[in-house]
Amino acid sequence: YNPIWFKPPLDDPKFDNKIVLAVGRHSVEKQFDLLLKIWQKVVKDYPDWTLKIFGESDNEKTLETLVKKLEIGSQVELHPPTKNITDEYSKASMLLNTSSSEAFGLVIIEAMAYGLPAIAFESASGPKMLIDNGANGYLIKSFDIDAYANKIKQLIDDKTLIRELGENAKKSVKKFDIEIIMKQWHDLFQSLE
């Protein structure tokens, strides 16, 4: 596995910030177009929440166009990649992942280290390795945008549940601590001699 490259914060998230995150380049497999359609359903009931997407934009500015078409510009922020993504994790309440394929969700373990529950489609193998459905986040049947939106709304409404999932998320990624992973790599190389 890849390790978490930073020391996770000691503080637990407050879940007071009405912000959710998605991180990744604006490519077809990330399915941010579906994420924006999901978000449109969420902000009908929660217009004061904001989706922040961090990642390299495509040349056609596809997401910008879709945000305007869906009329959710005041609830979506599109940002370029940032070297300080950990600052963004500390301000968010959950991580959303809509990838159709993802080998290992490094962004997911980073967000979980900050105590954020994650929601992802079950079709991607990476999130399935990391998310224990109902314990530290949710896995949603692929393309079921209504179910996905409903899980987001459930977490927005239920502060006890979001805190419980966040605590479990933080515990579940301790096995990716850099010291633990480096020892595994060391042991592997020693076994090859």
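K91 is partly exposed in this predicted model, with a relative accessible area of 36%. Its side chain meets that of E88 in a salt bridge, with a distance of 3.7 Å from N to O. Both residues belong to helix α3, which covers residues 85–91. Because K91 and E88 are three residues apart in this helix, about one helical turn separates them. E88 has 12% relative accessibility, so E88 counts as buried, the cut-off for buried being under 20%.

How many salt bridges does a search of the whole structure find? The search gives six. Among them are two that link helix α1 (residues 32–45) with helix α6 (145–157).

In one of these, the side chain of D146 meets that of K41, at 3.0 Å from N to O.

K153 lies in helix α6 and D45 in helix α1, so the parts tied together here are 108 residues apart in sequence. K153 is buried at 16% relative accessibility, whereas D45 is partly exposed at 49%.

| Salt bridge | N to O distance |
|---|---|
| K91 and E88 | 3.7 Å |
| D146 and K41 | 3.0 Å |

**Patches on the surface**

Which residues gather in a patch of negative charge on the surface? They are D157, D158, E164 and E167. D158 is located in the loop between α6 and α7, the latter helix spanning 159–172. With 32% relative accessibility, D158 counts as partly exposed. A residue needs over 30% relative accessible area to be part of a patch, so D158, at 32%, passes that cut-off.

A nonpolar patch is also found on the surface, formed by L188, F189 and L192. Together these residues have about 330 Å² of accessible area. L188 sits in helix α8, which runs over residues 178–191. This leucine counts as partly exposed because its relative accessibility is 41%.

**Strands and overall layout**

Is strand β1 mostly covered or mostly open? Strand β1 (residues 19–23) is mostly covered, as four of its five residues are buried. Its partner is strand β2 (residues 50–54): the two strands run parallel, joined by five bridges. Within this pair, I19 stands opposite T50 in β2. In a regular strand, side chains alternate between the two faces of the sheet.

Taken as a whole, the protein has eight helices and six strands. Along the sequence, these elements follow the pattern β-α-β-α-β-α-β-α-β-α-β-α-α-α. The protein has 193 residues, and buried residues make up 47% of them.

Definitions and conventions. Residues numbered from 1 in each chain as written. Predicted model: local features only at pLDDT ≥ 70, side-chain atom pairs only at ≥ 80, totals over all residues. Heavy atoms only, no water. Patch = residues over 30% accessible without salt bridge, like charges linked within 9 Å, V, L, I, M, F, W, Y side chains within 5 Å. Areas by Shrake-Rupley, 256 points an atom, 1.4 Å probe, with all protein chains shown as cover. Salt bridge = Lys/Arg side-chain N within 4 Å of Asp/Glu carboxyl O. Lys, Arg positive; Asp, Glu negative; His and termini not counted. Charge placed at Lys NZ, Arg CZ, Asp CG, Glu CD. Buried < 20%, exposed > 50% of the residue type's maximum accessible area, 1.4 Å probe, protein only. Pairing = 2+ DSSP bridges.
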